[in-house]
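I am opening my notebook on this structure. I will go through it chain by chain and write down what I look up.

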Amino acid sequence: MRLCGFGVVVLLALIVYELLIGSQLSWHAFGWKFFAQSDWNPVEDQYGALPFVFGTLVSSLIALIIAVPLAVGVAVFITEMCPIWLRGMLSFTTELLAAIPSVIYGLWAIFVLIPILRTYVEPFLAKTLGWTGLFSGPPYGYSLLAAGIILAIMIVPIISSITREVMTVVPQHQREAALALGATRWEMIRLGVLRNARAGIVGAVILGLGRALGETMAVTMVIGNRPEISKSLFDFGYSMASVLANEFSEATGDLYLSALIEIGLALFLVTIVVNALARLMVWSVTRGQPARTIA
Amino acid sequence: MGVGITVEHLNAFYGKTQALFDINLTVQANHATALIGPSGCGKSTFIRCLNRMHETIPEARVEGKVRIGELSVYNGTSATQLRRRVGMVFQKPNPFPTMSIYDNVAAGLKLNGFRKRKQLDEVVEKSLRSSALFDEVKDSLHKKSGASLSGGQQQRLCIARALAVQPEVLLMDEPCSALDPISTGKIEELIFQLKEQYTIVIVTHNMQQAARVAEFTGFFLLGKLVEFDKTEKVFTNPSDKRTEDYVTGRFG
Amino acid sequence: MADTNSNLGAPVVPPISWRRRATDNLMTGLSILTVVIVLAPLFAIFAYLVYKGIGSINLAFLTQTPKPVGEVGGGMANAIAGTALILGIASLLGVPFGIGAGVFLSEYGRNRFGDAVRFVSDVLNGVPSIVIGIVAYGLVVVRQKHFSALAGGVALAIMMIPTIARTTEQMLLLVPQAIREAAYGLGVSRWRTTLSITLRTATSGIITGVMLAFARVAGETAPLLFTAFGNQFWNWKLNQPTAALSLQIYTYALSPFDDWHRQAWAGSLVLIVLIVSAVAAVRIVVRRGKLAGA
């Protein structure tokens, strides 16, 4: 048994080892500038990963902006406002969202979401908010925006489920204290529940971010896959996970492969830090009570 | 000034189970009334019917009439509005842990739209003085959180919080059962002083406490109000045999 | 309704303002709105899956392999089989490892080392699946010099282990200490107790965990992209590239052919039915386990 426990640590060590070894070549060739350059040119063996970092960050940011209010709203409804008979059904259906594989989200996005974006949403945004410069250029549908939206749909379940957990842990007497002062239901939720669960909710959001950063298939299918940095959300983009998905199996040349592995290493490190931070915050609220395992 | 409470034919239910049977009583303004009885007799349920906290439990139901002052509790007033005029202190002190002492006391006021710093400062200080906590915390009003105080201090903080919104009635549900004897003593002293300005209803399982602080006492048994009279009479010369058995310790 | 005498000399508190009531109602409305917005894509996806996919699931689809590019017809039989093969390998590797780690954490891991393992397990859980694919590539594909079902299985196994370990630990922790002590009192060794008594009591819960992990990796595509790689034909050999349902869906979705799009929907429907069945089975097992007092 101790062997198995040890084995888990060995596994992580193996992962780190593989990533480090594989990225050596690229690291020696470019150093830190790897992440500051935008020129991704396999033909000339020039590799700059900035466009991918940009794409990953922007799509994840869009996802968070959309997902957080939705997820917290759902959590508040299910925990505090929902009639009891509905609660089980609702929580089951939100967990069902989490069970849908990424590639199916991508499939649906290609044939349903993108046409909707192209025909209705993007022209509307261009007309109303076009002055910001964020919504300009031809509305192909495939875009950073599309990636952000499908990511949002995918991370809502995890943010919502953890938010629900930390809200449920808040003791009933806190709610009663607020009510007894003459608070309306929303005020009671605000004062007696959300305030107490603050740290945990932030943790849930960060966990959602971690998930969004590493999400591959659905993003690859809708982001457009062009390594460019642009101001408009309608433009094509490229994320770190996507470039790995698209180019890894066809990478010729050791430097090319190494550059890709280096991107993988960066993705690995970032998600570890983000996830560790998130779990710390959630733990501080639930205080070590065993969390339900999230799919 | 406190107001009186009239209860007529009050019946309370948890789903299909009936917890209170035809309760009738009148609580006098500016006096302390104690409710005693063995565990599970309905005294906590009763007091929670007075400020409609009973309804927060799913499938809970109430029939009957309750008037607090000129307000009809179950007919016409919103629960939120009612609870602003009836304060409650709970068995386990429950200050808001993420707020400072000051913010805890001011919480009810802020909800009602009072934002002016000077006003809030005044009320917070007066409330903390009324609950005999001010001197102990006056230097750390904004620095310490509500949860960092001792048990007795937390309960006095909760009392201050309840007083800050100027209720006319103060309901106390076994306020000292989680506290040590010294803190209990301090709170009993407090009740003595507070009853000149408020109407107090206190649930207690400690008969000596009832004898110490209340002018009137009601004895509950199995959801019924068995006897309600001046405290002295209930303890020295009860009319009902069951009351006598309880106060002399023959059961409960 | 206004107070005439203020006890504390402070201003009189007015009745509940309409603004507070309005805010309360607004918030309730917004919350309901968020639920509707969140559930809408769920229903839309399921609706499309059924609408677009059901027509294409026929005997041909389930028994034939893909036709050459451009030709209409054919099916995903090899992909379904391939998924089964890869998942089988993953389970063989990952389930014992995961359960073992879970047993370690609950029975022998209430110490610093156990905490470290627990932390590492959580970290592993958060690693993006594509990165795990890279690692499996380096560990297996590079050594063998070709893509293989084994590599795919290894990648998925790595993903199953943390989930299985954590649920196993939690289920074992639920077993009351009194049961273990009863066994010790009878002179049974710790090792034996764990195996015969504790594990057996927690069986239904552990199966739940395994099936949850299974459902999670069944739909994974990214780690298979450069491990199992995909295959147009049948393959039962461990060390050859193998088709998988998720990979096939991906390839078809990105293709320009309508027929392949149609088949992608069908394949997705099959996949989702598999996954939902696993999740539903989990719920049933849990309920029955609870009733049986497990």
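How many residues of chain C are in contact with chain A? I find that 75 residues of chain C touch 63 residues of chain A. Here two residues are in contact if their C-beta atoms, placed from the backbone, lie within 7 Å.

Before going on, I note the ground rules. This is a predicted model, in which local features need pLDDT of at least 70 and side-chain atom pairs count only at pLDDT 80 or more, while totals for chains, interfaces and linings use all residues. Residues are numbered from 1 along each chain as its sequence is written, and chains are lettered from A and ligands numbered from 1 in the order in which they are written.

**Entry: chain C against chain A**

I looked up which helices supply the side of chain C that touches chain A. Among those giving at least two residues each are H1 (18–53), H3 (77–108) and H11 (258–291) of chain C. Helices (H or I, at least four residues) and strands (E, at least two) are DSSP runs, numbered from the N terminus. H1(C) gives the largest share, 19 residues. By class, this side has 49 nonpolar, 18 polar and eight charged residues. Ala, Val, Leu, Ile, Met, Phe, Trp, Tyr, Cys and Pro count as nonpolar, Asp, Glu, Lys and Arg as charged, and the others, Gly among them, as polar.

Next I took one helix pair. H1 (residues 2–30) of chain A packs on H3(C) at about 110°, with the axes 7 Å apart. Axes are lines fitted to C-alpha atoms, for helices over the stretch in contact, and angles run from 0 to 180 degrees between N-to-C directions. So H1(A) is roughly perpendicular to H3(C), a label for angles of 65 to 115 degrees. Chain A brings Arg2(A), Cys4(A), Gly5(A), Gly7(A) and Val8(A) to this contact. Among the H3(C) residues there are Phe97(C), Gly100(C) and Tyr108(C).

**Entry: chain A alone**

I read off 10 helices and two strands in chain A. Its C-alpha trace spans about 70 × 60 × 30 Å along the principal axes. Of its 295 residues, 55% count as buried. Buried means that 20 or more other C-beta atoms lie within 10 Å of the residue's own, with C-beta atoms placed from the backbone.

**Entry: the six-stranded sheet of chain B**

I traced an open sheet in the order S6-S7-S8-S3-S9-S10 (chain B), with mixed pairing. Two strands pair if DSSP finds at least two bridges between them.

S6(B) pairs with S7(B) in the parallel sense over four bridges. Met88(B) stands opposite Leu171(B) there. S7(B) in turn runs parallel to S8(B), joined by five bridges. Leu170(B) has Ile200(B) as its bridge partner in S8(B).

**Entry: the four-stranded sheet of chain B**

I found an open, antiparallel sheet in the order S2-S1-S4-S5 (chain B). S2 (17–27) and S5 (71–72) of chain B are its edge strands. Seven bridges pair S1 (residues 5–14) with S2 in chain B. Thr6(B) faces Thr26(B) across this pair.

Technical notes:
A residue is buried if 20 or more other C-beta atoms lie within 10 Å of its own, exposed if 12 or fewer, and partly exposed in between; C-beta atoms are placed from the backbone. Angles under 35 degrees count as roughly parallel, over 145 as roughly antiparallel, 65 to 115 as roughly perpendicular and the rest as oblique.
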